[in-house]
Amino acid sequence: MFDALALRAQFPLLIRAPELIYLDNAATTQKPLVVLDAERHFYETANANVHRGSHRLAVAATDAFEGARSSVARFINAASSNEIVFTRGATEAINLVAQSWGGANLHAGDEILLSTLEHHANIVPWQMLATRCGAIIKPVRLLSDGSLDIEHFHSLLSTKTKLVGLAHISNAIGSELPIADLIAAAHRVGAKVLIDGAQAVAHKVIDVQALDADFYVFSSHKVYGPTGIGALWARADILADMPPWQGGGEMIERVSFEVTSYAPAPARFEAGTPAIAQSVGFAAALDWLSAQDRSAIAQHEDALRLQLEQGLRQIDGLRIIGNAAQKGPVVSIAFSDAHPYDVAQFLDARNIAVRVGSHCAQPLLNSLGLKGTLRASFAAYNTSADVEALLAGLSETLELLA
Ligand code: PMP
């Protein structure tokens, strides 16, 4: 049996606030002490700039930074750490791919397929690219239960499709897409596939080689690591052909006013001083999570979701959004009468932290005819008592607001 309370005891914020019921993990997770310690240890023992030092401290910093890259590669089973580009997060990673790969490879009339449930981070960068190059965005519809309309996906795929962008798990309603099949279908028409793994990495063991995507992106802060850093994984042959997207120090081979040449990947995509201490914290988070029993955590999180969904079915005035058969540990709730913001305020007064609104997924909410939902999202340290408190808080609140 997985011991969530023992795990919770590793999180300083949760220890300081024992009354807090933190159910906003899809927005960001709390950080275990090992992550905070790793960053602090780096600053105390190895702080220097990377890649340019001729002194021992700079070598230590570079080793820590490149070691972190290896941890990220290991975590998602990349073939080489050279396939990992550090970014500020999932958002920046998608912007990098859209601007660099997209700018070089997409032309007027080319098509970009995106699912309707994408986070704005996997929509807007492609719109900006499409506006510049004349490419066309084709949204893939959802079924009424919030799952992807697979038939529509196949009907839109053609040799015009150059890029398919899909969330692995929806942040707003928790749907998990059958990405292995979708990637294979996209490859059959010659399209490249970007998977937004922001909501998946904390809950599923990711093997980018087995998935056979072309790009996989995620943020550290949603997988128990620090803010300000994330990763782009791309297959080495694709990365090798991508032009730089930002210029500056670190990303060049040689610079003169006549001609400048660029470093190989991943350095080519990391202009300027990177988030060095954060990379160490990021790696500590991934190493920490890898050392846990991942399948026990996944079962635990799924049991919490089922417990919540079962309890919600007993409460009048709300409904659960999304297809319960294919789900990450995210539960999105729509109310018949109450406003989700009011409900969240009442819950906050009971120390229950949830998220409300459109969850940066306005096309998804619009397609389901919703203005906003209240979302509870789980992490490994949540407990069955957290779910009971949320259910009790919701019942009381809805009675008060009725
Ligand atoms: N994609 C998904 C599915 C997300 O949930 C998020 C964060 N809410 C992002 C992308 C963007 O991540 P970040 O803000 O860390 O760049």
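Modeller: Ala, Val, Leu, Ile, Met, Phe, Trp, Tyr, Cys and Pro count as nonpolar, Asp, Glu, Lys and Arg as charged, and the others, Gly among them, as polar. By that rule the shell around the ligand holds three nonpolar, six polar and two charged residues. The model is predicted: local features need pLDDT of at least 70, side-chain atom pairs count only at pLDDT 80 or more, and totals for chains, interfaces and linings use all residues. Residues are numbered from 1 along each chain as its sequence is written, and side-chain values use heavy atoms, with hydrogens and water left out.

Colleague: Which residues are around the ligand?

Modeller: A residue is near a molecule if one of its heavy atoms lies within 4 Å of it. The residues around the ligand include Thr91, His119, Asp196, Gln199 and Lys222.

Colleague: How is a pair of aromatic rings described?

Modeller: One gives the distance of the centres and the angle of the planes. Rings of Phe, Tyr and Trp (its six-membered ring) pair if their centres lie within 6.5 Å; planes under 30 degrees apart count as stacked, over 60 as edge-to-face and the rest as tilted. The count here is 10 aromatic pairs. Tyr224 and Trp288 have ring centres 5.1 Å apart and planes at 65°, so this pair is edge-to-face.

Colleague: What is there to note about the backbone?

Modeller: Most residues other than glycine have a negative phi, and most peptide bonds are trans. Here a cis peptide bond joins Ala265 and Pro266, with omega about 5°. Asn351 has a positive phi, near 65°.
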